[in-house]
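I opened my notebook to keep track of what I looked up, one entry at a time. Here is the model I worked from.

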Amino acid sequence: MMVSELHFMYFVTAASLLICGIWGARDVYLLAKNLPRRGREKWKDEAQWRDQIFGSVVGVVIIIIGIFGVIRFWMRY
Amino acid sequence: MKFGRYLNPANAITASRYLTLPPFVYWMDRGQYQYAMLMVVLCGGLDLFDGAVARLFDCASGFGELLDAITDALCFGFFLVLLALVGRLPWVPVVGIIGIGVINAGFRAVYARRVGRAVNYRSYAMERLVAYTVYLVGFGVADFEAEFFSWVTFIMMVIVVLHDTKRMLVDPVPEA
């Protein structure tokens with residue numbers, strides 16, 4: 001093993017939260033950009049606009065689940 | 001410098017991802033999970049670079065995109081199955097995730113037929129879910145709430161595939 005199990009879990013936690021932060025910020029930004037009327041008008045295709053919004057919502061849900069999973073792990077560790 | 005459609009730096013990077021599979025099996029078999037995790041990170045990391053290299057060397061091609069998609073499916077499918085085999089991930093959601101992935105690929109072929117040309121339906125939600133599956137592999141290797149994350153991924157995949165199936169098979173297709 002490269003590091004102890006505890007340090008490995010610290011690493012996994014830090015990596016998870018870092019990715020959650022970057023990914024979450026991107027999806028919240030995309031929602032804020034595309035959801036209002038001015039953002040919607042930039043899309044030629046209404047269906048593609050809906051796909052983008054749905055994708056960002058799924059992204060945000062995944063982030064929330066990811067953070068919940070990390071908290072759940074440390075509460076049971 | 002001009003590169004061919006098949007032999008180019010981007011496809012070489014994509015193909016090199018298969019080299020992470022044998023050491024992954026070796027270290028999982030010996031219980032060296034941290035080294036196995038390195039292989040997952042390397043495989044996922046190389047996936048981020050092949051597109052950028054294709055643009056840098058101006059060698060992007062339809063074949064490259066297809067090779068990338070097939071490599072994603074084979075490498076991450078392999079990781080998931082192996083983790084289920086060694087008991088790090090539960091079987092039911094893993095089989096569900098892979099089964100839904102196969103069904104989704106079939107629907108994409110039907111969509112291309114409906115459109116009448118070789119076109120891929122871009123699902124922003126599925127892009128995120130595929131990335132999440134990479135993290136699921138990492139959680140499985142680290143034994144980090146792997147069961148919880150497996151079931152969540154499976155449930156999210158069902159929701160996204162239901163949405164995408166309606167878009168691909170029911171909604172009007174873009175004109176040629």
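Where in chain B does B:D58 lie? I found B:D58 in the loop between α3 and α4 (62-85) of chain B. Helices here are DSSP runs of H or I with at least four residues, strands are E runs of at least two, and both are numbered from the N terminus.

**Ground rules.** I noted that this is a predicted model, where local features need pLDDT of at least 70 and side-chain atom pairs count only at pLDDT 80 or more, while totals for chains, interfaces and linings use all residues. Residues are numbered from 1 along each chain as its sequence is written, chains are lettered from A and ligands numbered from 1 in the order in which they are written, and side-chain values use heavy atoms, with hydrogens and water left out.

Most residues other than glycine have a negative phi, and most peptide bonds are trans. B:E145 is not a glycine either, and its phi is positive at about 50°. I located B:E145 in the loop between α6 (124-142) and α7 of chain B.

Is B:E145 buried or exposed? B:E145 is buried, at 8% relative accessible area. B:D58, at 63% relative accessibility, counts as exposed. The cut-offs I used: buried is under 20% relative accessible area, exposed is over 50%, and partly exposed is in between, with a 1.4 Å probe and protein chains only.

**Another loop.** I looked up B:Q32 and found its place in the loop between α2 (21-29) and α3 (33-56) of chain B. B:Q32 is partly exposed, with a relative accessible area of 25%. I also checked B:Q32 against B:D68: they are 36 residues apart along the chain, and their C-alpha atoms are separated by 28 Å.

**Helix α7 of chain B.** I picked two residues here. B:L162 lies in this helix and is exposed, with a relative accessible area of 60%. B:H163 lies in helix α7 of chain B too, but counts as partly exposed at 23% relative accessibility.

How far apart in space are B:L162 and B:N104? I got 9.5 Å, C-alpha to C-alpha, for B:L162 and B:N104, which are 58 residues apart in sequence. For B:H163 and B:D50, 113 residues apart along the chain, the C-alpha atoms are separated by 29 Å.

**Where the chains meet.** The axes of helix α3 (residues 46-76) of chain A and helix α7 (residues 146-170) of chain B come within 11 Å and cross at roughly 175°. That makes α3(A) roughly antiparallel to α7(B). By class, their contact has 14 nonpolar, four polar and three charged residues.

My reminders: axes are lines fitted to C-alpha atoms, for helices over the stretch in contact, and angles run from 0 to 180 degrees between N-to-C directions. Angles under 35 degrees count as roughly parallel, over 145 as roughly antiparallel, 65 to 115 as roughly perpendicular, and the rest as oblique. Ala, Val, Leu, Ile, Met, Phe, Trp, Tyr, Cys and Pro are nonpolar, Asp, Glu, Lys and Arg are charged, and the others, Gly among them, are polar.

**Rings.** How many aromatic pairs does the structure hold over all chains? I noted 18. Rings of Phe, Tyr and Trp (its six-membered ring) pair if their centres lie within 6.5 Å; planes under 30 degrees apart are stacked, over 60 edge-to-face, and the rest tilted. B:Y26 and B:W27 form an edge-to-face pair, 6.2 Å centre to centre with 70° between the planes. B:F148 and B:F149 are edge-to-face as well, at 5.3 Å and 65°, and both are buried. One aromatic cluster takes in residues including A:Y10, A:F68, B:F148 and B:F149.

**Cysteines.** I found zero disulfides over all chains, where a disulfide is a pair of cysteine sulfur atoms within 2.5 Å.
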